[in-house]
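Here's a quick tour of a few local features worth a look. Have the sequence and the model side by side as you read.

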Amino acid sequence: MWNAAEIQNQLAIINGQQAPDMVIENATYLHSVFKQWMQGNIWIHGDRIVYVGERLPVQLEGTERIDASGKKIVPGYIEPHVHPFQLYNSETFAEYAARRGTTTFIADNLFLFAKLHQKTAFAFIDQLNELPFSFYWWARVDSQTVLKNEQQLFNPDDVLEWIKRPDVLLTGELTGWPRLLRGDQNMMSSLSESKRLNKKIEGHFPGASERTLARMKLLGVDGDHEAMTVDEVGIRLQQGYAVTLRHSSIRPDLPTLLAGIVKKEWDVFDHLMMTTDGSSPSFYQAGVIDQCIQIALDAGVKPIDAYQMASYNVARYYDMTDSHSVIATGRFATLNFLEDERNPVPTDVLSKGRWVVKEGQPVQKFETVDWSKIPPLKLPFELKDEDFTFPSTLGIQMVNDVITKTYETTIDLTHPVITASDECFLVLLDRQGKWRVNTVLKGFADELQGFASSYSNTGDVLLIGQDWQEMKRAFDEVKRIGGGMVIAENGKIVETLPLAIGGGLSDQPMEMIMKQELTMKRALKQRGYRHGDMVFTLLFLQSVHLPHVRITPVGLFQVLKNECLLPNTER
């Protein structure tokens with residue numbers, strides 16, 4: 001991590017032969033091991049803390065001296081479970097999050113794994129590492145949907161190349177765990193390699209029974225973030241799981257979970273972490289992990305426990321305390337300065353020795369990541385009349401944002417316009433134009449003529465609407481702009497959310513993405529969308545880790561029965 005020359009310079013500072021880059025004087029800081037506030041001076045050279053204690057350096061020429069009197073300093077916050085592809089990208093998300101103190105990210109690799117050749121993906125990660133943040137990754141072993149080439153894509157050799165990277169800390173999340181229980185050899189092989197290399201395995205077990213949790217623990221799973229009730233937290237802790245409490249745009253469970261734990265007087269906060277679980281952009285208007293800390297404080301969690309859940313507990317679990325989350329010699333100089341321990345939004349943020357926020361103002365100018373490494377979305381085909389052929393009355397009914405069930409429609413599927421109904425035509429189009437899946441969707445909207453989105457679980461195109469011509473118009477606009485979400489009606493394009501990076505990610509700052517997302521949500525709501533988060537509706541229409549019926553590249557799929565109800569159609 002630090003080469004011999006850098007370490008010699010650091011030793012020279014301790015020996016009084018060289019001045020550090022920065023000294024934070026009169027610091028009151030949280031020592032994560034003692035779980036106490038301590039006083040002292042913090043010496044920093046480059047991105048590393050070289051000393052913490054009562055002394056000041058002998059040499060101070062050229063040193064930036066910061067008087068931290070009146071502030072409290074805590075380690076930078078860690079987001080332990082982030083999906084950095086929910087319209088935003090990893091760079092824009094990190095830049096936004098860092099301004100509120102979240103500077104370390106353990107991120108899902110699914111977008112990179114599925115979109116890029118391995119060499120290109122690794123070069124992209126190396127470029128991200130040049131930013132003043134700390135990025136770590138998961139190694140996925142399943143797609144969250146049903147793919148024809150699933151076994152080829154997630155073959156153990158390619159997965160192993162990810163697991164072997166030092167910045168890949170875990171394998172998972174295991175959205176396809178039922179396949180593991182059925183003896184999937186690819187998944188079993190990858191999990192075995194993960195254990196051999198001392199990497200954690202993260203589950204994805206919403207509503208799982210105690211029996212299922214026990215079986216998955218025996219298969220090697222270390223942690224889970226899907227507890228939705230206090231009792232589910234307790235069962236996971238009892239079975240030996242590391243538990244990450246979630247507060248997200250579709251599962252804002254954290255206030256209830258923490259209030260319940262406090263009420264039960266469980267002394268378990270040393271064994272808990274917190275995540276926002278890759279929420280949609282506008283959810284982050286209230287903050288990232290700082291939002292979770294504030295919820296913990298409001299629920300009656302002691303301040304030190306709240307900050308430990310946001311930093312040290314994560315670092316200890318992933319064996320990173322030699323570099324993260326302890327304000328002590330040898331660690332990264334990643335610090336949040338607080339006016340008050342009960343307000344987790346920092347006034348100043350130092351990340352790897354570089355100021356991100358100083359006196360409340362962003363000061364770091366970021367080098368832009370080269371997003372041209374992500375192949376652009378090119379839809380090499382035109383829609384034809386036969387693409388709007390619906391072979392079955394079987395369809396998908398929305399129960400809420402993300403839960404669905406099957407139903408039988410009675411509408412005339414040969415007529416190109418649906419009127420006075422909460423039913424829409426639904427088409428999943430292969431981005432290469434090789435196949436399509438046609439069905440109907442009930443409960444999404446009741447006055448939506450045409451909607452198209454290249455944002456989806458697989459990067460294929462979703463068409464939803466009540467007018468074939470307007471659905472085609474929306475598709476043509478998505479094709480023209482290189483990806484995004486589009487609403488068309490009455491012969492016009494009425495709303496657009498561009499996603500210029502691979503058709504799935506925005507290249508705009510978080511603040512702009514938030515505005516665009518809220519505008520699109522408002523437009524869909526005006527046309528009858530009555531659920532909470534359309535971003536996750538679109539993402540999870542294909543996701544087979546949720547019941548009951550999904551539209552996937554192989555066709556309409558019944559999850560619990562592991563059965564294809566309606567196959568795709570070749571174009």
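## The second largest pocket

Strand S8 gives the most to the lining of the second largest pocket, with three residues. Helices and strands here are DSSP runs numbered from the N terminus (H or I, at least four residues, for helices; E, at least two, for strands). S8 (134-139) and helix H1 (4-14) each supply at least two lining residues. A pocket, on a 1 Å grid over the protein atoms alone, is an open set of points where a 1.4 Å probe fits, with protein on both sides within 12 Å along at least five of seven lines; lining residues have an atom within 4 Å of a point.

This is a predicted model, where local features need pLDDT of at least 70 and side-chain atom pairs count only at pLDDT 80 or more, while totals for chains, interfaces and linings use all residues. Residues are numbered from 1 along each chain as its sequence is written, and side-chain values use heavy atoms, with hydrogens and water left out.

So what does the pocket hold? About 620 Å³ of space, taken as the space filled by probe spheres set on the grid points, which are joined across faces, edges and corners. Its lining has 24 residues, with Met1, Ser134, Tyr136, Phe332 and Lys352 nearest the centre. They split into 11 nonpolar, six polar and seven charged.

Tyr136 sits in strand S8 and counts as buried because its relative accessibility is 12% (buried is under 20% relative accessible area, exposed over 50%, partly exposed in between, with a 1.4 Å probe and protein chains only). Beyond its neighbours within four places in sequence, Tyr136 is in contact with Thr104, Phe105, Ile106, Ala107, Asp167, Leu169, Met320, His324 and Phe332; contact means heavy atoms within 4.5 Å. Phe332 is also one of the residues nearest the pocket centre.

## Helices with a buried side

In helix H6 (residues 156-163), Val159, Leu160, Trp162 and Ile163 are buried. Seen down the axis, they fall within an arc of 155°, so they line one face of H6; the arc is that of the directions from the helix axis to the C-beta atoms. They pack against helices H3 (110-115), H4 (118-128) and H8 (185-196), plus strands S8 and S9.

Helix H9 (residues 210-218) buries Thr212, Leu213 and Met216. These cover an arc of only 100°, which puts them on the same side of H9. The face turned away carries the exposed Arg211 and Leu218. Cover for the buried residues of H9 includes strand S9 (168-174), helix H7 (177-181) and helix H10 (230-238). The packing reads from the other end too: the buried residues of H10 pack against H9, among others.

Most residues other than glycine have a negative phi, and most peptide bonds are trans. Which peptide bond at Gly172 is cis? The one from Gly172 to Glu173, with omega near -5°, and Glu173 lies in strand S9. Another cis bond joins Pro547 and His548, omega about 0°.

Lys35 has a positive phi of about 55° despite not being a glycine, and lies in the loop between strands S1 (22-31) and S2 (36-45). Glu359 also has a positive phi, near 50°, and is exposed, with a relative accessible area of 70%.

Key. Nonpolar A, V, L, I, M, F, W, Y, C, P; charged D, E, K, R; others polar.
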